[in-house]
Amino acid sequence: PAPNDILTIDRGHFIIGWSPSERRPVWCAYHVKPQAPYLAGERPKFQRDKEAPNSPKPGDFSKTGYDRGHMVPNYAIATRYGPESQRKTFLMGNIAAQTPSLNRGPWRELEHRIADLWSKRWGEIWVITGCYSLEDDSEVLSGSNIKIADRFYQILLAQDGMNVRALAIDLPQNISWRSWPARHITTIDELEARTGLDFLP
């Protein structure tokens, strides 16, 4: 089952479902428009999130072997909504521990395809991202009680007029950085069964 302490944090241009007990986002949602009126500026610094109870500090991830993985991506938000919204993606309430091979490989590939390719081809895209573990006794980050998820997912809904398309991808934490995301396509129903969340009621 999903954690029973999920808090909804509204960032204006994206939303986070935050678990204080797991110290990570369980789900996040954002909207990508085809038009990208802003340039992605210099990457802001990570900051502790005062709105996310029990938020990690940026330094909690140092020398752990894990990246500070964005659930809502810096680039898509920066290019659609500007620098103030971009800075909000660097609050630690938007961050989960990801292996470098996942964060810099298939996860990044998906983020950029959504922002640069698919939104232009398919129109507006709504994205739900998040992470979960199949076992209750998840591994924790070294030197902290930040839970490390086993798997990360993205659900995409693309709307062009009356045409709606959907795609769900479920990636393991230990994935190869060269792995192709299309090899990990699943169904929204299967993700709901695994996470205990009802994504599209």
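1. The largest nonpolar core holds 29 residues, of which Tyr30, Ile114, Ile125, Phe152 and Leu171 touch the most other members. Such a core is a set of buried Ala, Val, Leu, Ile, Met, Phe, Trp, Tyr and Cys residues joined through side-chain atoms within 4.5 Å, where buried means under 20% relative accessible area, exposed over 50% and partly exposed in between, with a 1.4 Å probe and protein chains only. At least two residues of this core come from each of β2 (14-19), β3 (24-32), α1 (74-81), α4 (106-122), β6 (124-132), β7 (151-160) and β8 (163-172), and the largest share, four residues, is that of α4. Helices (H or I, at least four residues) and strands (E, at least two) are DSSP runs, numbered from the N terminus.

2. This is a predicted model, in which local features need pLDDT of at least 70 and side-chain atom pairs count only at pLDDT 80 or more, while totals for chains, interfaces and linings use all residues. Residues are numbered from 1 along each chain as its sequence is written, and side-chain values use heavy atoms, with hydrogens and water left out.

3. Seven strands form an open sheet in the order β1-β2-β3-β6-β7-β8-β9, with antiparallel pairing; two strands pair if DSSP finds at least two bridges between them. β1 (7-10) and β9 (185-186) are the edge strands, each pairing on one side only. Within the sheet, β6 and β7 are antiparallel over nine bridges, and Val127 stands opposite Leu156 in β7.

4. Two helices lie across strands: α1 across β2 and β3, at about 35 degrees to β3, and α4 across β3, β6, β7 and β8, at about 5 degrees to β7. Axes are lines fitted to C-alpha atoms, for helices over the stretch in contact (heavy atoms within 4.5 Å), and angles run from 0 to 180 degrees between N-to-C directions.

5. Not counting residues up to four places away in sequence, Phe152 touches residues including Met71, Trp107, Cys131, Ile169 and Leu171.

6. Ile16 is in strand β2 and is buried, with a relative accessible area of 0%. With residues up to four places away in sequence left out, the contacts of Ile16 include Leu7, Ile9, Pro25, Trp27 and Cys28. Ile16 and His70 are 54 residues apart in sequence, and their C-alpha atoms are 11 Å apart in space.

7. His70 is also one of the 13 residues that line the largest pocket, and lies nearest its centre together with Arg43, Asn103, Arg108 and Glu111. β4 (67-70), α1 and α4 each supply at least two residues of this lining.

Technical notes:
1 Å grid on protein atoms, 1.4 Å probe; cavity = no way out; pocket = protein on both sides within 12 Å on 5 of 7 lines; lining within 4 Å.
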